[in-house]
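Visitor: Can you walk me through this one? I'd like the surface to start with, then the inside.

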Amino acid sequence: MAKTALDLTPEERQTYRTREAIERRQLADRRQTEARWCRAQQLATQAAKLLREEFGAQRVLLFGSAAHRERFTPWSDVDLAAWGIPPERFYAAVAAVTGLDADIKVDLVDPDHCSPGLQAVLVSDGVVL
């Protein structure tokens, strides 16, 4: 049977050092999030290039949490908006960018067919890629 914290001897408690363990875990979590952030930025750039070269996008914006480091979390995805993709090729473009990374989800929106609220977010929050 496993011991709980209440079962530890004073010597065992001294070696456990809960605060240090928490700090090590937090540092590891920050490093993982930073690595994921870097991968998300590379993925967004890769997707924008693909959208321009293969689907004729004239403008691509990154928005949402991946556009701002301070909002990025371990669960963040990559949100893109692309102008100039012909309507008949839009879903092929969605499929192409969705398949770029197995770990980070990519969402593509057509800014000409989204809600006024999302259009306002694109204007105020978007980063040109």
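Predicted model: local features only at pLDDT ≥ 70, side-chain atom pairs only at ≥ 80, totals over all residues.

Visitor: What percentage of the residues count as buried?

Guide: Of the 129 residues, 32% do. Buried means under 20% relative accessible area, exposed over 50%, and partly exposed in between.

Visitor: OK, the core. Which members of the largest nonpolar core touch the most others?

Guide: Leu51, Val78, Leu80, Ile85 and Leu108, out of 24 residues. A nonpolar core here is a set of buried Ala, Val, Leu, Ile, Met, Phe, Trp, Tyr and Cys residues joined through side-chain atoms within 4.5 Å.

Visitor: Which element gives the largest share?

Guide: Helix H2 (18-55), with 8 residues. Strands E1, E2 and E3 and helix H3 each supply at least two. Helices (H or I, at least four residues) and strands (E, at least two) are DSSP runs, numbered from the N terminus.

Visitor: And what is Ile85 in contact with?

Guide: Beyond its neighbours within four places in sequence, Ile85 contacts Leu51, Phe55, Ala57, Phe90, Ala93 and Leu108. Contact means heavy atoms within 4.5 Å.

Visitor: Switching topic: how many aromatic pairs are there?

Guide: The search finds 2. Rings of Phe, Tyr and Trp (its six-membered ring) pair if their centres lie within 6.5 Å; planes under 30 degrees apart are stacked, over 60 edge-to-face, the rest tilted. Trp37 and Phe72 have ring centres 5.5 Å apart and planes at 70 degrees, so they are edge-to-face.

Visitor: Where do Trp37 and Phe72 lie?

Guide: Trp37 is in helix H2 and Phe72 in the loop between E1 and E2, so the pair ties together parts 35 residues apart in sequence. Trp37 is buried at 14% relative accessible area, and Phe72 is buried at 5%.

Visitor: What about Phe90 and Tyr91?

Guide: Their ring centres are 5.6 Å apart with planes at 80 degrees, so that pair is edge-to-face. Phe90 is buried at 11%, whereas Tyr91 is exposed at 66%.

Methods
Residues numbered from 1 in each chain as written. Heavy atoms only, no water. Buried < 20%, exposed > 50% of the residue type's maximum accessible area, 1.4 Å probe, protein only.
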